Amino acid sequence: MSIRPSSSAMGFATLQPQDLPRLCFVSYRQIREFSMPVVAEYAGRAHVEVVDGTFSAALAVAQDRVARGEVDAFISAGSNASILRAGLQAPVATIQLTGFDLFQVLIRARRIAHRVGVMMYGHTIPELDAVKELLNIEISQYAYQTPDDAREQFDVLRREGYEVIVGSSLVVELAQEAGLHGLLAYSLDSVRKGFDDALELARVARLEAGRYEQLHSVLHNLQEAVVAVDQHERIIAVNPAMLHVLAGPGVRLEGRKLGDIAPELSLAHTLASGRQDRAAGLRYAHRDWVAYRTPIREHGRIVGAALTLHDAHTIQAADTSLRILQRQHQHAARHTFAHSVGGHSAAISQAKASALRFAPTDLNVLITGESGTGKEVFAQAMHNASHRAGRPFVAVNCASFPETLLESELFGYEEGAFTGTRRGGKRGLIEAAHTGTLFLDEIGDMPLTLQTRLLRVLQEREIMRLGATAPIPLDIRVMAATHQSLGELIEQKRFRQDLYYRLNTLRLSLPPLRERAEDIPGLVTPLVSRCLARLGSSLPTDAALEPLMARLSAYGWPGNVRELENIAERIAVFLLPFPRLDDVPYAALSQDCPELFARPGPMLAAAHPPGRALALDSSLDSPLAERIEAAMRAANGRPGLAARQLGVSRSTLWRWLNAERRPD
């Protein structure tokens, strides 16, 4: 059935019959019979269900229709309308009693009798005093709240001899049962206005329902627990995750106040303040949450709010996964010959030339040199200059892991290989380097038992996880580095000779910084410049370093490039407070960089306790041993200070300060 053009203003002109708004007219027999002509008029504009009931019975019927989702809007009058509005979270159109309606019905009543009783739900009508004088009629008014109350008031009117009673459907029925004249106070025009209001409410309700349906669709697919409320904090949308937190599956929460269900999660403050906030460490339902409370605005006005709960355990698990992913992304080489290997001295130029020849091959490379000479930088540069560039570059410091942990980290393990293994096992670092380069730093510190397993990897190009029964083929290139003399370690039975020859296919020796003093200005200047720029200083770096360059070039640099980077940052911090070079007290730098100002002599000798000889690793060469001894004297025997002066870590210094050889 098509819809009359007059309804187009209400937004239903293009609807098909199956899409017509669904109205429920909750009435009482008297007003229902009176309103049937209007119901017939609206048959083509809406699906109208007419049901009888009053007070609690009417509310029960309406709640049933809402629960089944069968109604867009209700129409009712008097007590029923008040009860439905109070008890439903659904639109209710009220058939209003107008002054014209009352005037007309009183004219009809005057034709029957000059004494008229008026009984209305809720309250009396003060304006009737003016009407009764105009119509020359005696009027007694009563108001009722319940059916029993209505019967009591009606009995009063009846005993007082009133033969005509004007009021609601309930009042008209009581009058008819008592043999009196009962006149319904409403007009058909008022009923039509109620139906028009209901159509408009239905249109708005459908728009809102569409919005809520979209909101539900979005929320349903979110893993987080989310609930949205209106401006009165009544729940309008809740996803399954939040439903599980608040009540459990199958419980209907729409229309209930969130603060009544879970005071700890209330959005009342958010609605009042209009501010978004986050609460970390919220404890609810025996779980820890991170809660986000956000106001919902439309055209600048707050119309609701939303609460999102993130499971703290899930966040922690995600953080762990991200850290693992970042670690996997760290298996990449950053350094190149063009941007990372600086210097033009003969010594470094020869090393770069050898490295460039080695790079395109797949042969193993052994890189030797003192600590801090840039062995890993050269390894990454060779990797990036090879056909394996862009593939994994996995660096392992063999001295940084305990022996038991190093084995599982290097070779990986199968599930159940030992207590504490994770499900599915774990891929080792050697396996992670597949198709790329494996860089083994401090190879001289690898335990003998693992040297045997590594030798098999190099020979067979396959790896056996801990607890596995079948080997895994590998395609890797191996580079190793050491600051120790592997020849001496072989003599001491601390390093396998066959592994040494496997690793020493190509040998790259990196010169210490003291053998390339001419490179120091070109290395230290950009380091200090970058640090000054990062700190916000505009001092000209070349001019600022000129008074120090002689000392920088003459210093022995026991920590090599690593120590150079350390001192460059100290110099930059020293220069930072001074806006002009003329203000820089260079002599005061001796407090921050004493190694640049140290001179061997009686003073240093006195600083070291007499009669106490330093215990040094016998594998160290003489110049390095002399520098270590000088640093320890200058630091009054304090290893921490001596390590800082040498530009090395405490662990490196402790390794150097080891006179006793390890057992064979």
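Predicted model: local features only at pLDDT ≥ 70, side-chain atom pairs only at ≥ 80, totals over all residues.

Visitor: How many helices and strands does the protein chain hold?

Guide: Helices (H or I, at least four residues) and strands (E, at least two) are DSSP runs, numbered from the N terminus. On that basis the secondary structure of the protein chain comes to 29 helices and 20 strands.

Visitor: What percentage of the residues of the protein chain count as buried?

Guide: Buried means under 20% relative accessible area, exposed over 50%, and partly exposed in between, with a 1.4 Å probe and protein chains only. The protein chain has 664 residues, and the buried part is 46%.

Visitor: What share of the contacts with a separation of 6 or more joins residues 24 or more positions apart?

Guide: Contact means heavy atoms within 4.5 Å. Among contacts in the protein chain with a separation of 6 or more, residues 24 or more positions apart account for 64%.

Visitor: In which order do the four strands of the open sheet run?

Guide: Two strands pair if DSSP finds at least two bridges between them. The pairing in this sheet is parallel, and the order is β2-β1-β3-β4.

Visitor: Which strands stand at the edges of that sheet?

Guide: An edge strand has a single partner strand, so one side of it is left without a neighbour in the sheet. Neighbouring strands here are turned by 25° against each other on average, direction ignored. The edge strands are β2 (47-52) and β4 (92-95).

Visitor: Which residue is the bridge partner of I75 in β4?

Guide: Strand β3 (residues 73-77) runs parallel to β4, and four bridges join them. In β4, the partner of I75 is A93.

Visitor: At about what angle does helix α3 run to β3?

Guide: Axes are lines fitted to C-alpha atoms, for helices over the stretch in contact, and angles run from 0 to 180 degrees between N-to-C directions. Helix α3 (residues 78-87) lies across β1 (22-27), β3 and β4. Its angle to β3 is about 140°.

Visitor: Which residues does S79 contact, leaving aside its neighbours within four places in sequence?

Guide: S79 lies in helix α3. At 8% relative accessibility, S79 counts as buried. With those neighbours set aside, its contacts are F55 and Y121.

Visitor: What kind of aromatic pair do F25 and F195 form?

Guide: Rings of Phe, Tyr and Trp (its six-membered ring) pair if their centres lie within 6.5 Å; planes under 30 degrees apart count as stacked, over 60 as edge-to-face and the rest as tilted. The structure holds nine such pairs. The centres of F25 and F195 are 5.6 Å apart and their planes stand at 70°, so the pair is edge-to-face.

Visitor: How many residues apart in sequence are the parts that this pair ties together?

Guide: Both F25 and F195 are buried. F25 lies in strand β1 and F195 in helix α8 (residues 188-220), so the parts tied together are apart by 170 residues.

Visitor: Over which ring does the charged end of R115 sit?

Guide: A charge sits over a ring if NZ of Lys or CZ of Arg is within 6 Å of the ring centre and within 35 degrees of the ring normal. The charged end of R115 is 4.1 Å from the centre of its ring, which belongs to Y162.

Visitor: Which strands are at the edges of the five-strand open sheet?

Guide: This sheet is parallel, in the order β15-β16-β19-β14-β20. An edge strand pairs on one side only, and here these are β15 (393-397) and β20.

Conventions:
Residues numbered from 1 in each chain as written. Heavy atoms only, no water.
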